[in-house]
Amino acid sequence: MNMPASQAQRRQRHVKLALLGGAVLVVVLLVAFALHRSSRGQQQSRNTRRGFAQFTGPQPVQDASVVQGDMPVTLSALGTVTPLATVTVRTQISGRLMQIAFKEGQMVKAGDFLAEVDPRPYEVALEQAQGQLAKDQGLLDQAKGDLKRYQILASQDSISAQQLDDQQYLVEQYAGSTKSDQAQVDNAKLNLTYCHITAPVSGRVGLRQTDVGNYVTAADASGIVVITELSPVSVLFTLPEDQVSQVLQRLGGGARLPVTLYDRTNTQELALGELTAVDNMVNTSTGTVQLRALFKNPDDKLFPNEFVNVVLLVDTLKGALIVPTSAVQHGVPGTYVYVVGSDDTVALRTVSLGPVDGERVAVTAGLKASEQVVTDGAEQLKDGAKVILPQASAAATAAPGAATAAKHPGKKSAGHKRGQASAGS
């Protein structure tokens, strides 16, 4: 059954009106939500401004005085403890090891007996050389005696000149033989000396590399033991090439530059020594120059190949202005500090820095002696801000009763009443 045209048109109008009403409702809801967000944002903005107003009030800070004094100019580096001598003790002859006279880790002095190689083959060789020497010495003496007789006969024209010359040459031959024999004797004695092995330097012996009974030779790479010299001992460290010029300038002027060593945590001082040498070229792969410092090390605190922190004192600035490093700020103005004025306001002051020594830094321009600078709380400040110094905060905290009495002059504190009662009793 078909619907009349007028009824279909009415129904379409109802649908359109319903859609239009829904759209209007959505728009109204969106506007209401936007107004709510705007009101909430304005409230938050007011709260933020109120909080900022409270934040920008007088800020409690810590301060310190600009002091005038001596400022050390130091260079820091990482160094390695390096012995002046590390010697591998080897035998100079071949033979069976008969004795070891040292204990592992023992301290020895130069010339102390360490080990012995079997000397018997070399004693036999010495005797043989001495026998040959004696034989040739006898022949030489005999030839010299004949030469004297030939000289007498030659003066009497009893022998020819040729016989005299031959006897002279024979004496020279035997003299050469005896000289060669004497060298063999000396060599045999030297080999006997090599059988008795001694320490070439003073120091600490390490772990032995062989045992008694082994056949040792001069070609053994590991040797018998290694001796490391510990006192004195040196430390090798490197500095950037652009820092070496001031060190060389001071050394060229005859200055003796002290070197202080600290442990790996850079907290405990280990030893105090002196710079002794600077290498003669720059390491092109690292751009650094190697230096050597010498330390007496009487208590063996410094151990070979130990890593240490090195502080080289290059110079000392006399009468420098010094502030804590915590007072120095870095930002858009450059390097600056906040100077506290007499009215408890701060002024931003750009400064030029000099050498740094731990928690202190020298200021070469921008400050005067006895001025006060902010050391803690500077990140919350700006130029001209009001501050509260520690002494002012302490005074306010220590006397709360005074503030109460100022507000209520006619009211006496309980402590005052108790004082009166005690005095009356």
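Q: pLDDT is the predictor's confidence in each residue, from 0 to 100. Which element of the chain has the lowest mean pLDDT?
A: This is a predicted model, in which local features need pLDDT of at least 70 and side-chain atom pairs count only at pLDDT 80 or more, while totals for chains, interfaces and linings use all residues. Residues are numbered from 1 along each chain as its sequence is written, and side-chain values use heavy atoms, with hydrogens and water left out. Strand β7 (residues 113–117) has the highest mean pLDDT among the elements, 97, whereas the lowest, 37, belongs to helix α7 (residues 414–424).

Q: How many contacts does the stretch of residues 48–54 have beyond near neighbours in sequence?
A: A contact means heavy atoms within 4.5 Å. The pLDDT is below 50 over residues 48–54. Beyond near neighbours in sequence, the number of contacts that this stretch has in the model is zero.

Q: How many strands does the chain have?
A: Helices (H or I, at least four residues) and strands (E, at least two) are DSSP runs, numbered from the N terminus. Counted in this way, the chain has seven helices, and its strands number 23.

Q: What percentage of the residues in the chain are buried?
A: A residue is buried under 20% relative accessible area, exposed over 50%, and partly exposed in between (1.4 Å probe, protein chains only). The chain has 425 residues, and the buried share of them is 28%.

Q: Which residues touch the most other members of the largest nonpolar core?
A: A nonpolar core is a set of buried Ala, Val, Leu, Ile, Met, Phe, Trp, Tyr and Cys residues joined through side-chain atoms within 4.5 Å. The largest one has 25 residues. Elements that each supply at least two residues of this core include α4 (241–252), β12 (233–240) and β15 (288–295). The members that touch the most others are L239, V247, L261 and F295.

Q: With which residues is V247 in contact, leaving aside its neighbours within four places in sequence?
A: V247 is one of the residues that touch the most other members of the largest core. Outside the four-place range, its contacts are L75, L239, L257, L275, L291, L312 and V314.

Q: How many salt bridges does a search of the whole structure find?
A: Side chains of opposite charge can pair when their charged atoms come close. A salt bridge is a side-chain nitrogen of Lys or Arg within 4 Å of a carboxyl oxygen of Asp or Glu. The network that links E104, R208 and D211 is built of such bridges. The search of the whole structure gives a total of nine.

Q: Is D118 buried or exposed?
A: The side chain of D118 meets that of R120 in a salt bridge (3.0 Å, N to O). D118 has 10% relative accessibility, so the residue counts as buried.

Q: How far apart are the closest N and O atoms of the salt bridge between R360 and D357?
A: R360 counts as partly exposed because its relative accessibility is 32%. D357, at 26% relative accessibility, therefore also counts as partly exposed. The closest N and O atoms of this bridge are separated by 3.3 Å.
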